[in-house]
Amino acid sequence: MSEKILAVAAGHEITEGELNKLISNYPPEQQIYMSSPQAKQQVLEQLIAFHLFHKMAVEDGITKSQEYEEMVEKVKVELASHMAATSVIEGIQVSEEEERKFYQENPDMFQEKAQVSAKHILVETKEQAESIAKEVAQGLNFEEAAKNYSTCPSKDKGGDLGWFTKGQMVPEFEKAAFEGEIGKVIGPVETQFGSHLILVEDKKEASVQPFGQVQAKIHQQLIQGRQQEAYDTKVKELEAAYGVERKEA
């Protein structure tokens with residue numbers, strides 16, 4: 001059974017297979033979009049234009065020009081080189097045993113630091129901070145207080161700083177946040193930026209990422225390392241076989 005013909009452009013029959021093959025070359029996320037009739041029609045119009053311009057190139061003698069021949073030769077060299085290089089690395093594999101060994105031998109790579117999620121209010125003086133702390137103790141919502149009084153840009157988010165690890169905040173603020181009790185307003189805490197009130201919302205203890213969570217990342221890292229090693233080794237072999245003379249720039 002012959003394929004469905006979607007259009008004929010400059011004598012070339014554009015089949016459904018040709019259209020689908022072109023769509024398959026798009027990234028996966030775009031292929032989902034291309035499944036709609038409207039998107040397929042747009043790609044078909046691109047194919048039609050492609051074949052029309054090819055016909056024009058033939059009739060105008062472009063395909064017989066020296067520039068065209070030079071470009072074709074360049075593409076041939078690049079394609080052959082790419083295919084040869086790919087043949088060197090495409091069969092490389094890594095076993096799960098090797099992945100687990102890498103995981104066990106490199107524990108520091110999979111450490112998750114302790115984290116704190118907190119909100120804060122920043123003002124200029126300790127007296128201001130103490131006054132705001134009293135209002136919060138009397139029932140003023142901490143987020144509202146941040147929006148009303150804080151001088152930090154985080155005020156627009158109710159003072160929310162999100163999650164942070166040690167080393168991301170100034171020492172005085174960091175110490176208070178990591179040692180503070182969840183749900184309790186801490187402060188005033190004095191830093192170079194002013195006086196802070198801190199509300200610790202949650203904490204995560206330091207932990208090690210489980211193997212299953214990082215296996216894919218390890219696999220990719222090992223594969224890339226093996227491929228690079230194989231590539232470099234082959235380049236040295238080819239240099240010895242064919243010769244290379246490097247000249248100073």
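The dialogue below sets values from this model against their definitions.

Author: This is a predicted model, in which local features need pLDDT of at least 70 and side-chain atom pairs count only at pLDDT 80 or more, while totals for chains, interfaces and linings use all residues. Residues are numbered from 1 along each chain as its sequence is written, and side-chain values use heavy atoms, with hydrogens and water left out.

Reader: Why is Q209 called buried?

Author: Buried means under 20% relative accessible area, exposed over 50%, and partly exposed in between (1.4 Å probe, protein chains only). Q209 has 17% relative accessibility, and therefore counts as buried.

Reader: Where is Q209 found, and which residues does Q209 touch?

Author: Q209 lies in the loop between β8 (207-208) and α9 (211-242). Helices (H or I, at least four residues) and strands (E, at least two) are DSSP runs, numbered from the N terminus; the protein chain has 9 helices and 8 strands. Contact means heavy atoms within 4.5 Å. Leaving aside residues up to four places away in sequence, Q209 touches Y103, M109, F110, E112 and V214.

Reader: Why is V94 counted as buried?

Author: The relative accessibility of V94 is 10%, so V94 counts as buried. V94 is placed in the loop between α4 (66-89) and α5 (96-105). Not counting residues up to four places away in sequence, V94 touches E99, H219, L222, I223 and R226.

Reader: What separates the C-alpha atoms of V94 and S65?

Author: These two residues are 29 residues apart along the chain, and their C-alpha atoms are separated by 48 Å.

Reader: Why is A10 called partly exposed?

Author: A10 has a relative accessible area of 40%, and is therefore partly exposed. A10 is in the loop between β1 (5-9) and β2 (12-15). A10 also has a positive phi of about 55°, although it is not a glycine.

Reader: What is the omega of the peptide bond from G187 to P188?

Author: Omega is near 10°, and this peptide bond is cis. P188 belongs to strand β6 (residues 185-191).

Reader: How does the radius of gyration of the protein chain stand against that of a compact globule?

Author: The radius of gyration is taken over C-alpha atoms, and the globule rule is 2.2 Å times the number of residues to the power 0.38. For 249 residues a compact globule would have a value near 18 Å, but the protein chain has 32 Å. The C-alpha atoms fill a box of roughly 85 × 50 × 50 Å, taken along the principal axes.
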